[in-house]
Amino acid sequence: MKDKLVLPLGSLIPFNICVNQYINRYQFIALSQRNKLKKFADILRFSNVYENFNPLSPLLQNGDVIDIDMKGKWNAEHFKKDAKICLELACGRGEYSVALAERYPKTHFIGLDIKGARIWQGAKKAIESKFDNVAFVRARIENIPSFFAKNEVSEMWITFPDPFLRDSKENRRLTSHNFLDRYLPFLRPDNVLHLKTDSPELYEFTLESLGAFEKATIIKHFDDIYSLPELPHPDLEFKTYYEKMHLANSKTIKYVQFHLDVD
Ligand SMILES: C[S@@+](CC[C@H](N)C(=O)[O-])C[C@H]1O[C@@H](n2cnc3c(N)ncnc32)[C@H](O)[C@@H]1O
């Protein structure tokens, strides 16, 4: 029987290629880190971005202005006129906030997310497009009641939030009772909320969570919006970064429209 020649895996790849790959990877990480730091510095200067780093405090930073309490003052202090306010939760790159701001110039939009480098993209686009009816808050959504006052918000889009599939993380889902309770203090009585997701688990969870929440009414829900003859809401046509990825992976897109009764 002939002996088989077994080469260790590393020896199949010439040493110089290994080193180059290592250097390229290191350079890539260093570059993307530098890019992120630049974006963090940029958004500190953007007039349309507010940041909160202390979950125990309602105060926000905006450019050189530190520690501003915007609760109840978004229209008067930031937008400088009265209008309906619509939020985008888990806004990521802010595609919905920016697209809605363009479509509805008389409505004010505020996108919230914790990731600064993502918010940077939406905020920059809004500045370049001169959309003065859109702003962003970089903060944890858990802290949302600190930033908005009673009756301040009419509508909310929750766009492709992380589904947090593990049972132990159920409370982190943005349609869990933990979060629904946090939305009640600032919603107007005629509020409408929209969830758009690719996750069958989050879709089913949301229907159950709303069903068991005394103050919630499900207005409509669909488990595959693009299979319908017509979109159930015209603004569902906007596609976010994550939605495009999910569609490319042949996932179906789900939608729940609901209302919360507020006192
Ligand atoms: C899957 S991404 C979707 C982003 C965007 N809506 C889209 O569709 O492209 C989920 C986003 O939710 C944000 N997020 C998740 N939990 C959050 C929390 N508790 N507070 C703030 N942002 C949160 C993440 O930072 C992330 O950008």
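The model is a predicted one, in which local features need pLDDT of at least 70 and side-chain atom pairs count only at pLDDT 80 or more, while totals for chains, interfaces and linings use all residues.

**View 1. The protein chain and the confidence of its prediction.** The protein chain holds 7 helices and 10 strands, where helices (H or I, at least four residues) and strands (E, at least two) are DSSP runs numbered from the N terminus. Of its 263 residues, 32% are buried; a residue is called buried if 20 or more other C-beta atoms lie within 10 Å of its own, exposed if 12 or fewer, and partly exposed in between, with C-beta atoms placed from the backbone. Two residues are in contact if their C-beta atoms, placed from the backbone, lie within 7 Å, and among the contacts with a separation of 6 or more, 72% join residues 24 or more positions apart. The mean pLDDT, which is the predictor's confidence in each residue from 0 to 100, is 91 for the protein chain, and 89% of the residues reach 70 or more. Over residues 1–12, however, pLDDT stays under 50, and the model has 1 contact beyond four places in sequence for them. Where pLDDT is low, the predicted coordinates should not be read in detail.

**View 2. The shell around the ligand.** The shell consists of 19 residues, of which Ala90, Gly92, Phe160, Thr240 and Tyr242 come nearest to the ligand; a residue is counted as near if its C-beta atom, placed from the backbone, lies within 6 Å of the molecule. By class, the shell has 8 nonpolar, 3 polar and 8 charged residues, where Ala, Val, Leu, Ile, Met, Phe, Trp, Tyr, Cys and Pro count as nonpolar, Asp, Glu, Lys and Arg as charged, and the others, Gly among them, as polar. Helix α7 (residues 241–248) gives the largest share of this shell, namely 3 residues.

View 3. In helix α6 (residues 200–211), the 12 residues should span 16 Å at 1.5 Å a residue, and the end C-alpha atoms are 17 Å apart, which agrees; the expected span is 1.5 Å times one less than the number of residues. The buried residues of α6 are Leu202, Tyr203, Thr206, Ser209 and Leu210. They cover an arc of only 130° around the axis, so they lie on the same side of α6, the arc being that of the directions from the helix axis to the C-beta atoms. On the other side of α6, Glu201, Glu204, Glu208 and Gly211 are exposed, whereas the buried residues pack against α5 (177–183), β8 (187–197), β9 (216–222) and β10 (254–260).

**View 4. Two loop residues with positive phi.** Phe164, although it is not a glycine, has a positive phi of about 40°, and it is partly exposed because 18 other C-beta atoms lie within 10 Å. Lys80, placed in the loop between α2 (74–79) and β4 (85–89), also has a positive phi, near 65°, and is likewise a residue other than glycine. Lys80 is exposed, with 8 other C-beta atoms within 10 Å.

View 5. Lys215 lies in the loop between α6 and β9 and counts as partly exposed, because it has 15 C-beta neighbours inside 10 Å. Leaving aside neighbours within four places in sequence, Lys215 is in contact with Leu184, Leu260 and Asp261; from Leu184 it is 31 residues apart in sequence and 9.0 Å apart in space, C-alpha to C-alpha. Asp261 is in the segment after β10, and its C-alpha atom is separated by 9.0 Å from that of Arg188, 73 residues apart along the chain. Tyr183, in helix α5, is buried, with 24 other C-beta atoms within 10 Å, and it is 41 residues from Glu142 in sequence and 9.8 Å from it in space, C-alpha to C-alpha.

Note on methods. Residues are numbered from 1 along each chain as its sequence is written.
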